[in-house]
Amino acid sequence: VFGDDADGDLLKLKAQGNTFNLPTYNMRFPGDTGNGHVASPFDWELLCDKVNLKEKDTFNLMFIVVDNANKCRLYKADTLSLQVRADSLENSAPELSVASTNPDLPFSNNEQAAELGQQISLDLVSADADVSPADHLVIEMIGAEGNVAPEGYAFETARGVSKLHALFTWNPDCSIFHDGVYDNQYRFTFRTYDDRCQNAKADTVAIALEVKDIVNDIAAFIPPNFVSADHDPGEHNEFFAMVRLNEATGELEDILPKDNCVGHFVGVAIYNRWGKVMFESNDRNFRWYPDEDASGIYFYTLTFSDKEFKGSITVRN
């Protein structure tokens, strides 16, 4: 803003707002004093905590140059009126997406189902098309609920620019199950938003998680019942254990019901026909190698914390 006087008199340049004070809205006009010519910049950085466009968006300014030291000591001045209307920048809304980082757990339509012991790991990404200026983004959790209140998960609010990542992880244990219910439903809600104070935008994603106990098909559990006691390396069935040969792979597979929150393996005991204990173990990977002269019928008890399995074993040389 410039002020000039043909007489070369002492001038004073100032500014004022019509019904408002410049500093209140972070406006700066230092003004100037000089003979014949004065100049001063007007600067306004619109800050979120200073300007609320919903309350006031039009500002009438008056720039005044005063000659009050002329030869006749007469007050003379000139005023320049300027109206400034503040507006918000166009803003693209950030988009929040979610993907599983555990390849063993499919994630589709923002839904995931997991068995106990499987690690839930979700990567949340906030992407924003605004680059000049680039918006600052936040990813936060705004809801966590279920038929049982979720506990033990890990998530920290993330702050940064596009593409912003936040990680949600959870490895629940048996403590999440209550009142004999072993299939829990959860809903976690996440939000991302930008920092455009006059035109802020956001995106929200809700994730449905199902966490259930390990399922055992007890009806399909058929223990072996024959052991060859001659210990011929070329023969199968040289020991008694809860395994079965996979013909396709040649590997021995565990057939014992898996430990879960309902029940876990406690031990095995093998008896002869007179009730004498011949073998005991609390290792679910037990192996019993009968003596070569131990032909006959034996009986076993497989004990779980919630049930027992009993049966017989035929041992032949």
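This is a predicted model: local features need pLDDT of at least 70, side-chain atom pairs count only at pLDDT 80 or more; totals for chains, interfaces and linings use all residues.
1. Start with the overall count. The structure contains 24 aromatic pairs. One of them joins tyrosine 153 to phenylalanine 188 in an edge-to-face arrangement, with 5.2 Å centre to centre and 80° between the planes. The two partners come from distant parts of the chain, 35 residues apart. Tyrosine 153 is found in the loop between β12 (137–146) and β13 (154–155), while phenylalanine 188 belongs to strand β16 (residues 183–194).

2. Are these two partners buried or exposed? Tyrosine 153 counts as partly exposed because its relative accessibility is 27%, and buried means under 20%. Phenylalanine 188, with a relative accessible area of 1%, is buried.

3. Another pair to look up is phenylalanine 304 with phenylalanine 309. These rings are also edge-to-face, at 5.8 Å centre to centre and with 80° between the planes. Phenylalanine 304 and phenylalanine 309 are both buried.

4. Finally, which charged residues lie over rings? Lysine 56 is placed over the face of phenylalanine 59, 5.1 Å from the ring centre. Arginine 273 has its charged end over the ring of tryptophan 274, at 5.7 Å from the centre of that ring.

How values were computed. Residues are numbered from 1 along each chain as its sequence is written. Side-chain values use heavy atoms; hydrogens and water are left out. Rings of Phe, Tyr and Trp (its six-membered ring) pair if their centres lie within 6.5 Å; planes under 30 degrees apart count as stacked, over 60 as edge-to-face and the rest as tilted. Helices (H or I, at least four residues) and strands (E, at least two) are DSSP runs, numbered from the N terminus. Buried means under 20% relative accessible area, exposed over 50%, partly exposed in between (1.4 Å probe, protein chains only). A charge sits over a ring if NZ of Lys or CZ of Arg is within 6 Å of the ring centre and within 35 degrees of the ring normal.
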